[in-house]
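Here is a short report on a structure that may be new to you. Look it over first, then read on.

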Amino acid sequence: MNELGLEAAILEPKQTGRTDPDAVDATLAASGDASAFERLYRSHVTRVYGLVRRMLSDDDADEVAQDIFVRAWQKLGTFRGEAAFGTWLHRVAVNVILARRETLGTRRKRYLEGDAVLEMIPARRPGPEMAMDFETAMARLPDGAREVFVLHDVEGYRHEEIAEMLGLATGTSKSQLHRARMALRQHLGR
Amino acid sequence: MSDQWMNRLSDYLDGELPDGERIALEAHLPGCSECSAGLADLRQVIARAQMLGNEAPHRDLWPTIAQRIGATGGKPRTVDLGSRRAAARRLSFSLPQLAAAGIALMALSGGTVWLLRSPAQQSVAPSVATVSSGNPPAINAAVNPRGNATQSYAAAVADLEQVLASGRGQLDTTTIRVIEQNLAAIDRAIAQAQRALDADPANLYLNTHLAETMRRKLDLLRQAAALVPVS
């Protein structure tokens, strides 16, 4: 392992039969190659941007997405290649998003208990006859439920990972997910 | 009773339910339309979530990012070493050194990285022109035989490393550390790219990366050597 921790970043081609181009670019970027980092940006910006929009809001998306890539550039030395670069970048993104949320103080009724989550979405609906886009319904979930739902059902994280990232008990992550799903259930087909 | 199971439906769908509860729930479902409907709905919710696409930003965010990471000039941050010493002199290279670096750079930028590859692969590629069809004949002649390019690159690197080693004591430790870290990272990137090319010799992406990475090593060494004061 070198000083930048990048030796494992390139998958051994003889074992895998192919090389992860992201890992090559991450290695180059860690040594200061901005062009390589731009390639990584181009490859991942859409997914990162989607994560930001769903975890925060459209209003903050541009600025936070930029913050994420700047943070990733600064932290490239910690990328060990133990996971795919995209996975590592997502973890960086989630951390930046959560920090931003704390900074902005936008958390509202985080990690509600009981059926409060279920009650919030109908209360926010523009009207019973008006169709609500699934994304809009997601956006109206309380922060805690939305975070868990996005991370689990949209991004594919496991409860254990979510619990670690968000500082929750695994059981809380599970209960928030169920409540989010039950709330969104009401908006299927509308 | 049904509510109790309704709250377990997500765990059931995610495979998180203990065996005993799973079996009990599966026995309950056929006789409970509420839970069955709930289960079907939750499956739809999950499917919808998994089908969501991602929308690209409405504007290109890269220019701002590039500015914030100091890459607006297209220079990698290792190059910033030069700015550490505003009055740093430019090192004068001997003609052979310049020629060696120049030849190596021409060879590399022409996509002739295969020249530096293993003998087995070299035998597959009989001439520079076969892999660098865009090169003019003059350049092909300049880099052929392959040994000259390899040796020229190695010589240029060795010369610059020697300059750097001789001036090591005159540079501050932070500068030395940054240089060595970056050189180590580049060397590993070169080695890794070479290994990857062993498995996929025709991969243009890898060839380009290898050439670019080797060029960057020369650039870094040049700039680092330029920091060494004249004795």
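## A covered helix

A residue is buried if 20 or more other C-beta atoms, placed from the backbone, lie within 10 Å of its own; it is exposed if 12 or fewer do, and partly exposed in between. Helices are DSSP runs (H or I, at least four residues), numbered from the N terminus. This is a predicted model: local features need pLDDT of at least 70, side-chain atom pairs count only at pLDDT 80 or more, and totals for chains, interfaces and linings use all residues. Residues are numbered from 1 along each chain as its sequence is written, while chains are lettered from A and ligands numbered from 1 in the order in which they are written.

In α2(A), nine of ten residues are buried. Among them are D22(A), V24(A) and L28(A). The buried residues pack against α3 and α5 (85–104) of chain A, and against α11 (173–199) and α12 (204–226) of chain B. Just after α2(A), G32(A) has a positive phi of about 110 degrees.

## Where the chains meet

Two residues are in contact if their C-beta atoms, placed from the backbone, lie within 7 Å. Chain A brings 42 residues to the contact and chain B brings 48 residues. On the side of chain A that touches chain B, α3(A) gives the most, with eight residues.

## Two crossing helices

The axes, lines fitted to C-alpha atoms over the stretch in contact, of α8(A) and α10(A) come within 8 Å. They cross at roughly 95 degrees, on a scale of 0 to 180 degrees between N-to-C directions. α8(A) and α10(A) are therefore roughly perpendicular (65 to 115 degrees). F149(A) of α8(A) and L177(A) of α10(A) are among the residues making the contact.

Notes: Angles under 35 degrees count as roughly parallel, over 145 as roughly antiparallel, 65 to 115 as roughly perpendicular and the rest as oblique.
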